[in-house]
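Open the model in your viewer and keep the selection tool at hand. We will go from stop to stop, picking a few residues each time.

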Amino acid sequence: MLDSVRRLALVAAVPVALLGPAAAPALAEPAAPTAPTAATGPSPTGPTTSQILGEEVVTLTNEERVRAGCPALTVDEELTVASVRQSHYMAATGDFGHFGWRGSTFRSRSLAAGYPAVAGENVAYGFSSSAEVMAAWMASPPHRQNILNCAARSFGAGVQQAVNGTYYWTQVFGWR
């Protein structure tokens, strides 16, 4: 039975001023597979690109926020750059977490991309569709809190596939 369970780790970070030290990793199982739709991604035989998956994460994130009574987030180019850079780093190195190249953090990556008011970050790996990663984030309290933080106003999403086929996912949220 354990052989059939994928072990996946998710880590959420929020500003230290809000919650103290970064939250501990949360374990989540992916949602049961469903028939492909516009929200779940392309069929296994169609093209699965990081750009398409990232756009689906944007749509699903805003759907969750609106359902919870929060305003939809605007997509910010600088936060998208920070998100894509972290997903690329994790996929290239297999080093999963909130620390990136040369010890960068979601805060320092966002500042380097030109965004000064970062609110939080969600990262994940091993999920093969946007619907799976969103279901896991929404089932994890610290990730859900980042997504449903009604004070956040913008975000960026990045997805990168490693050479072994594993997808690495990043969302970075901002206050402006």
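Which side chain meets that of Glu64 in a salt bridge? Select Glu64 and Arg67: their side chains form this bridge at 3.3 Å, N to O. A salt bridge here is a side-chain nitrogen of Lys or Arg within 4 Å of a carboxyl oxygen of Asp or Glu. Glu64 and Arg67 are separated by about one helical turn because they sit three residues apart in helix H2. Glu64 is partly exposed at 22% relative accessibility, while Arg67 is exposed at 60%. (Buried means under 20% relative accessible area, exposed over 50%, and partly exposed in between, with a 1.4 Å probe and protein chains only.)

Before moving on, two notes on what you see. This is a predicted model, in which local features need pLDDT of at least 70 and side-chain atom pairs count only at pLDDT 80 or more, while totals for chains, interfaces and linings use all residues. Residues are numbered from 1 along each chain as its sequence is written, and side-chain values use heavy atoms, leaving out hydrogens and water.

Now colour by secondary structure. You will find six helices and six strands; helices (H or I, at least four residues) and strands (E, at least two) are DSSP runs, numbered from the N terminus. Of the 176 residues, 47% count as buried.

Next, select Arg109 in helix H4, residues 106-112. Is Arg109 buried or exposed? Arg109 is buried, with a relative accessible area of 7%. Then show Gln86: its side chain makes a polar contact of 3.2 Å with the side chain of Arg109. (A polar contact is a pair of N or O atoms within 3.5 Å; within protein, one must be able to donate a hydrogen and the other to accept it, and residues adjacent in sequence count only if both atoms are side-chain atoms.)

For the last stop, select Val57, Val133, Met134, Trp137, Ile147 and Trp169. Of the 22 residues in the largest nonpolar core, these touch the most other members. Such a core is a set of buried Ala, Val, Leu, Ile, Met, Phe, Trp, Tyr and Cys residues joined through side-chain atoms within 4.5 Å. Helix H5 gives the most to this core, with five residues.
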